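User: Hello! I am new to protein structures and would like to learn how to read one. Could you take me through it step by step?

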Amino acid sequence: MHRRHLLGAAAALPLFHILPGRAQGAISDGVVKIGVLNDMTGVFADQQGMGEVVAARLAAEDFGNRILGAPIEIVPGDLLNRADIGMGIARRWFDQEKVDIISGLGNSAVALAVQTLSKEKQRIVIPMSAGTTDLTGKDCGPWTAHWVYDNYSAAKGPVTALVRGGKTKWFFVVSDYAFGHSLEANATAILKGLGGEVTGSVRAPLGESDYSSYLIRAAASGAQAVGICAGGADMINIAKQMGEFGLIKRGIVPAALNCSLTNIRSIGLETGQGMVYAESYYWDQTEATRAFGARFAKAHGRPPTSFQAGSYGAITHYLKAVQAAGTDATAPVMAKMRETPINDFMTKDGVLRPDGRVERDVCLMRVKAPQDSKGEWDLLQVGETISGADAFRPMDQGGCPLVKA
């Protein structure tokens, strides 16, 4: 979809009544307060966690930790992968602690809940690592910027690549909550659209440690690939156990439908070599990604994941919009975020669509063989680039009520 069409659609969005006190004065409450709410201690902590907070603070540093004369404050929160806890923190931040925006939002169940709250409170939310496409589909909101990826873009690249390579029969192992269900649905639709076949699927609880019974069923189904509809430590355990139980040696490929740099390091190159997955950032991609990777590693001890790199880009884009709008009031800031192209080391001419989806190019990453790696974090080869228009679900197919036909 061309940018002029996106801007035209944005103009068609309904006008919203602004709550008292949110549009008056340059900076409400005298501070720009940014909440980073994600999994700080659980199965997704390595790829989200304090790394997203560190990246947000680096973004604030680039503005001298002040904007329009007011201080910038970054507030971390641990949602413990529970929607009730995430909602409780978000409501307290909005109602009592005067947080202006919430970034991160850890997993899909939390993100959907907090997005509903953002509609009520008219505050901006930036889901970073939540994958469900419902965020920009039937449950879309006017104050959402779904930043790094979603379950459509995560599935499309690896499913397409593996089907082209002859892996047409798939079995899905699915984390049993909103994220896993959405990833399975998107991957299945893409697979069947390419002429592939689903030989079966199972759902496993978040945080499961023993996948042996699920993988025995996968092997018996005649599958050529196991679609891993899980993230974080769950994704790592499934891939590792596929190796331990001999599925990979039998030619059954682990299809990484949600993967991260830290996941690959944990899986190891011996098991992970040849695996493909879709990603918007890798530290060793360009001079600019290497420069940010080094800066982040100096602060955090290792290169960033795409979610952590995305945290820097999202907060930078938000602060630029505050600066351009001359206020932190929600409506004018969101308007600036939509009308301003997104350009940084991770994104070139990205667009925030009217449905809330950030559209950018995505790359296919292939995990290196052990003999090709030159260091601890030299794990990936950058493959073909998928344009943003192809990588993400077309806006008119999502069912977002904010989008005009």
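**Reading the model, feature by feature**

Analyst: Happy to! The link of Cys 140 and Cys 400 is right-handed, with 80° about the S-S bond. A disulfide is a covalent bond between the sulfur atoms of two cysteines; here it is called when the two sulfur atoms lie within 2.5 Å. In this case the sulfur atoms of Cys 140 and Cys 400 are 2.0 Å apart.

User: Which parts of the chain does the pair Cys 140 and Cys 400 tie together?

Analyst: Cys 140 sits in the loop between strand 5 (124–127) and helix 5 (151–164), while Cys 400 is in the segment after helix 14 (388–391), so the pair ties together parts that are 260 residues apart in sequence. Helices (H or I, at least four residues) and strands (E, at least two) are DSSP runs, numbered from the N terminus.

User: Where do the numbers come from, and how far can I trust them?

Analyst: This is a predicted model, in which local features need pLDDT of at least 70, side-chain atom pairs count only at pLDDT 80 or more, and totals for chains, interfaces and linings use all residues. Residues are numbered from 1 along each chain as its sequence is written, and side-chain values use heavy atoms, with hydrogens and water left out. The pLDDT is the predictor's confidence in each residue, from 0 to 100. The protein chain averages 91, and 94% of the residues score at least 70. Over residues 1–24, however, pLDDT stays under 50. Where pLDDT is low, the predicted coordinates should not be read in detail.

User: Is Cys 140 buried or exposed?

Analyst: We call a residue buried under 20% relative accessible area, exposed over 50%, and partly exposed in between (1.4 Å probe, protein chains only). Cys 140 has 5%, so Cys 140 is buried. Cys 400 is buried too, at 6%.

User: Why is Cys 229 too far from Cys 259 for a bond?

Analyst: The closest cysteine sulfur to that of Cys 229 is in Cys 259, and because the distance is 13 Å, a bond is ruled out. Cys 229 is buried, at 0% relative accessibility. For Cys 363 the closest cysteine sulfur is also in Cys 259, at 15 Å, again too far for a bond.

User: How do I read a sheet, and what is the order of the strands in the open sheet of 4 strands?

Analyst: Start with pairing: two strands pair if DSSP finds at least two bridges between them. The open sheet of 4 strands has the order 7-6-8-9, with parallel pairing. Strand 7 (197–204) and strand 9 (253–256) are its edges, each pairing on one side only. Strand 6 (residues 169–175) pairs with strand 7 over 7 bridges, and Val 173 has Val 202 in strand 7 as its bridge partner.

User: What lies across these strands?

Analyst: Helix 7 (residues 212–220) lies across strand 6, strand 7 and strand 8 (225–229), at about 175° to strand 7. Such angles run from 0 to 180 degrees between N-to-C directions, with axes fitted as lines to C-alpha atoms, for helices over the stretch in contact; contact means heavy atoms within 4.5 Å. Helix 8 (residues 232–244) lies across strand 6, strand 8 and strand 9, at about 160° to strand 8.

User: Finally, where is Asp 378?

Analyst: Asp 378 is in the loop between strand 13 (362–367) and strand 14 (380–386). At 9% relative accessibility, Asp 378 is buried. Residues that Asp 378 touches beyond four places in sequence include Tyr 282, Trp 283 and Lys 368.
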